[in-house]
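Please look through the sequence and the model before reading on.

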Amino acid sequence: MSNEASLPETRGRGRLAALIISQILAGVGVASGIAVGGLLAEQLSGTVALAGFAQTSSVLGAGLWAIPLARLAGRRGRRWGLAAGYLLALAGTGLVFLAAAVQFVPLLFVGTAAFGAATAAGLQARFAAAEVVSLRYRARALSVVMWATTLGSVAGPNLSEVGSRLGRSLGIEPLTGPYLFSLIAFAGAAVVLSVGLAGRGPAEVDHDPSRPAQRPTGLVRAIRNGLQDPRTRLAIVAVICSHTIMVGVMVMTPLHMTHHGMTLDLVGVVLSIHIFGMYGASPIMGWLTDRLGGAAVIGIGVIIFAGALVLGGFADTTSGPIISLALGLLGLGWSAGMIGGSSLLAASVSDQNRVSLQGGTDALMSLSAAGSSALSGLVMGLAGFPALNLIAAVVAVPMAVLALRGMLARRAAADS
């Protein structure tokens, strides 16, 4: 009997390991391409104006692919949905090579949009992690898988020069050389998931096998059902608002810094601190979520965001260390809101609604971030960096209100 009881946990560890390995590979693949995508777009188009479209199309692609990938996962299982995302990104990488070969810029943007499927799959992997372990370790498993992305994301950009030399030696456009690492990484991630996620995890074993399987709820209905539940509503708002705040402020920080005479080396250091804040503390946020609950960690995220945005609001007259601290806190607030919200979303939704709602939330999150990225430039140009931080603080208000309600409801339930 003890062997039967330990089997789900053993299998869950193996499946979690597969998710971690795939995230490291995917991080390398995504970061390798993103590091040179804008430069390639500028070179092919001959204009700086189109350089940002490569990143924009990738972000939009991540939002648009989130829904069909979630539907596939709901019908066939997580490994199919995640592996399909990396195979789509693999095809997108091939289109990038073709676009460079024929010097056709629109094809490059089609390729980078398909490339965004890797980001969508990487985000959905956090929900898969919550499903392959027992309930008491859900948030920690989710956070460790998110943390694994850091390793690949740090390694990817550092392969740019090596990839460029490799591309030159192979007789292809040097700026497409780093995409060779994307090809290998996405193919590896798809294989690891196809093999490592075979079978059923603890969350699936806990279900009653005699109960007939239910078809996943449609996207619109799943979101509507989710918004009726206070915990799920908090989870959705936290994930979307956290990502919107982070992206809106982060994308304009390098511009703000260079306008105030700071060097590109300092910009790189600040962004590295920001990325470390996003992912480095993920396991701590997961542990706190398992101990305190998702609403409490989301509330912590709001407080951290407030500190980051106050510092950012006064950054016009401050030095690099203050901006570094502000961006580090911005990443840490994102980590708290994303892990607390994602864990709550995994815990508060029925099996029938879960996958559709998670995919829909990720799609809304990515599309909202794309809109935030586009509007932040307009706000920056019209009113400056302090105003951008002020607007970001307004976005955090509904997140704060719902988190407070969630904490009060949890305390009331514990007292009753």
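In H4, the buried residues are Val105, Leu107, Leu108, Phe109, Gly111, Thr112, Ala114 and Phe115. Buried here means under 20% relative accessible area, while exposed means over 50% and partly exposed lies in between, all with a 1.4 Å probe and protein chains only. Helix H4 spans residues 105-115, and because 8 of its 11 residues are buried, it is largely enclosed by the rest of the structure. Helices are DSSP runs of H or I with at least four residues, strands are runs of E with at least two, and both are numbered from the N terminus.

The model is predicted: local features need pLDDT of at least 70, side-chain atom pairs count only at pLDDT 80 or more, and totals for chains, interfaces and linings use all residues. Residues are numbered from 1 along each chain as its sequence is written, and side-chain values use heavy atoms, with hydrogens and water left out.

The protein has 18 helices and 0 strands. Of its 416 residues, 51% count as buried. A contact means heavy atoms within 4.5 Å. Among contacts in the protein with a separation of 6 or more, 83% are between residues 24 or more positions apart.

Next come the cores. A nonpolar core is a set of buried Ala, Val, Leu, Ile, Met, Phe, Trp, Tyr and Cys residues joined through side-chain atoms within 4.5 Å. The largest one has 60 residues, of which Leu330, Trp334 and Met399 touch the most other members. Helix H11 (residues 230-250) gives the most to this core, with 12 residues. Apart from this core lies another, of 39 residues, including Val36, Ala128, Val133 and Leu197.

Which helix holds Asn389? Asn389 is found in helix H18, which covers residues 385-415. Asn389 has a relative accessible area of 2%, so it is buried. Leaving out residues up to four places away in sequence, Asn389 touches Val249, Ala308, Leu309, Gly312 and Gly313.

The last stop is the surface. The protein exposes about 18,000 Å², and carbon and sulfur atoms supply 68% of that area. Such areas come from the Shrake-Rupley method with a 1.4 Å probe; for residues, only the protein chains shown count as cover. Leu60, Leu64 and Leu367 form a nonpolar patch with about 260 Å² of accessible area together. Nonpolar side chains (Val, Leu, Ile, Met, Phe, Trp, Tyr) are joined into a patch within 5 Å, if their residues have over 30% relative accessible area and no salt bridge. Leu60 sits in helix H2 (residues 51-76). Leu60 counts as partly exposed because its relative accessible area is 35%.

Note on methods
Patches are made of residues with over 30% relative accessible area and no salt bridge: like charges are joined within 9 Å, nonpolar side chains (Val, Leu, Ile, Met, Phe, Trp, Tyr) within 5 Å. A salt bridge is a side-chain nitrogen of Lys or Arg within 4 Å of a carboxyl oxygen of Asp or Glu.
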